[in-house]
Amino acid sequence: MHAEYMIDFLGFHIYTLENMQRKHALSARKQGRHAPSPDDQQVARHSFQHFPLPLRRAAKDETEGGRWQLLGEPQEYNFVSPPHALLSPCVVDPAAVTRIRNVLYTVDFNLHHLCVTKRLKGRSNNIPVYYESEILLPQALIGKHNLKARGKATNKQLSLELACMHAELILDALGVCIFPNDNEAQRDHAMSCWQYGRPAPLPGTAPKLPSEVNLPAPLKVVSSVGRAAPLSEEERLTRDHVTLGRQCDEMTDTTVLESNAIGTLGRFLKERSFTRVGNPFFQELLPNGKTKSTIVLPLPSSYGIRGGVGIATVPANANVLAAMHALDVLSVLGIPVSENDPLNESVRWAVLRHEHFGSPLFEKSPDPQAVSPPGRRERCQWI
């Protein structure tokens, strides 16, 4: 094609038959480019500086035209989801199957009868075989609407888990309780979702119409190898947590926990309109039984992926240590916790933290290239 465009551009004929060349020229000109016609009175000459650019095949679109919310393969991360809700639409949660199965039982439906899984053939040897699971959400649950939850993955069980996750997101968006017979569990579910920046109803909330809400896109797992589609904000955040946890390989034993670290860091996140300000932590269970907690700081791209990493026996303590480490990182980078804090206040605050918790002192000149201090590991007592 590029060779043909070059020949047209230089004013040479592709066809020896005038009728064929005339049709070719007409077609090319409809496309907005030049091609010579036998009827031309004068041969067009073009500057060599404006040669047609080489052509490249358009990259594949794993979202299939924006129809799917993408997430990475489960083996790429090991995050722990809360017991009553999804940690993120971009983190596979097998427990969603149980939650959807149970809520369907409350309206006398069986998940097995409402779910259909089909095998999709790849169009070429380079395209993997996918399974797509589809769950019909009954009118007894969501009212007189025809809605389906879908999941797509390279194995059948994973596609079912994704479809159940999508169903949970749909029910939350519509204001339909996941735990209709357990008010306490529904409150816990709603609180978790709110902390993660997603909607979910409290017990007794009136459901909404589909036309009144933005329904979430169905979920599809794709490999990061050879991927062409850009990352969504939620998926980028998930991957940043993975990267942060891997790149922090040095830890400092901490003997005292900073009880107000999470609140202080929350002020920083709130000023920057961070969506998950209520609970910005991702946790994973380590082989030794301890919990690693990470928090990604919303900073300009020039700073790279920065945040806090904490390791503790108790998950709540791991969050505190991660918040402490994140505050350490802000001090090293010379970024105040609050944009309204004067410089001398930030310096004084960092000195107090240095005296009590061994934190680094505040750098008066912001430096995006500064090296982050080691993460924090538990060996502590509260003060």
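In what order do the five strands form the open sheet? A few notes on that and the rest follow.

1. The order is β1-β5-β4-β3-β2, with mixed pairing. Strands here are DSSP E runs of at least two residues, helices are H or I runs of at least four, and both are numbered from the N terminus; two strands count as paired if DSSP finds at least two bridges between them. β1 (69–71) and β2 (115–120) sit at the edges, each pairing on one side only. From one strand to the next, the twist averages 20°.

2. Before going on, bear in mind that this is a predicted model: local features need pLDDT of at least 70, side-chain atom pairs count only at pLDDT 80 or more, and totals for chains, interfaces and linings use all residues. Residues are numbered from 1 along each chain as its sequence is written, and side-chain values use heavy atoms, with hydrogens and water left out.

3. Leucine 219 in β5 is the bridge partner of glutamine 69.

4. Helix α6 (residues 156–174) packs on the sheet and touches β1, β2, β3 (130–137), β4 (147–153) and β5. Contact means heavy atoms within 4.5 Å. The direction of α6 makes about 145° with that of β4; axes are lines fitted to C-alpha atoms, for helices over the stretch in contact, and angles run from 0 to 180 degrees between N-to-C directions.

5. There are 18 salt bridges, taking a side-chain nitrogen of Lys or Arg within 4 Å of a carboxyl oxygen of Asp or Glu. One of them pairs lysine 148 with glutamate 134, the closest N and O atoms being 3.4 Å apart. Lysine 148 is in strand β4 and glutamate 134 in strand β3, so the pair ties together parts 14 residues apart in sequence.

6. The protein is split into domain 1 (1–55), domain 2 (69–221) and domain 3 (233–378), with bounds from an automatic or database domain assignment. The C-alpha centres of domains 2 and 3 lie 32 Å apart. Their contact takes 16 residues from domain 2 and 17 residues from domain 3.

7. Tryptophan 349 is in helix α11 (residues 343–357). Leaving out residues up to four places away in sequence, tryptophan 349 touches Thr264, Leu327, Ser331 and Val337. Phenylalanine 362 is 13 residues from tryptophan 349 in sequence and 8.4 Å away in space, C-alpha to C-alpha.
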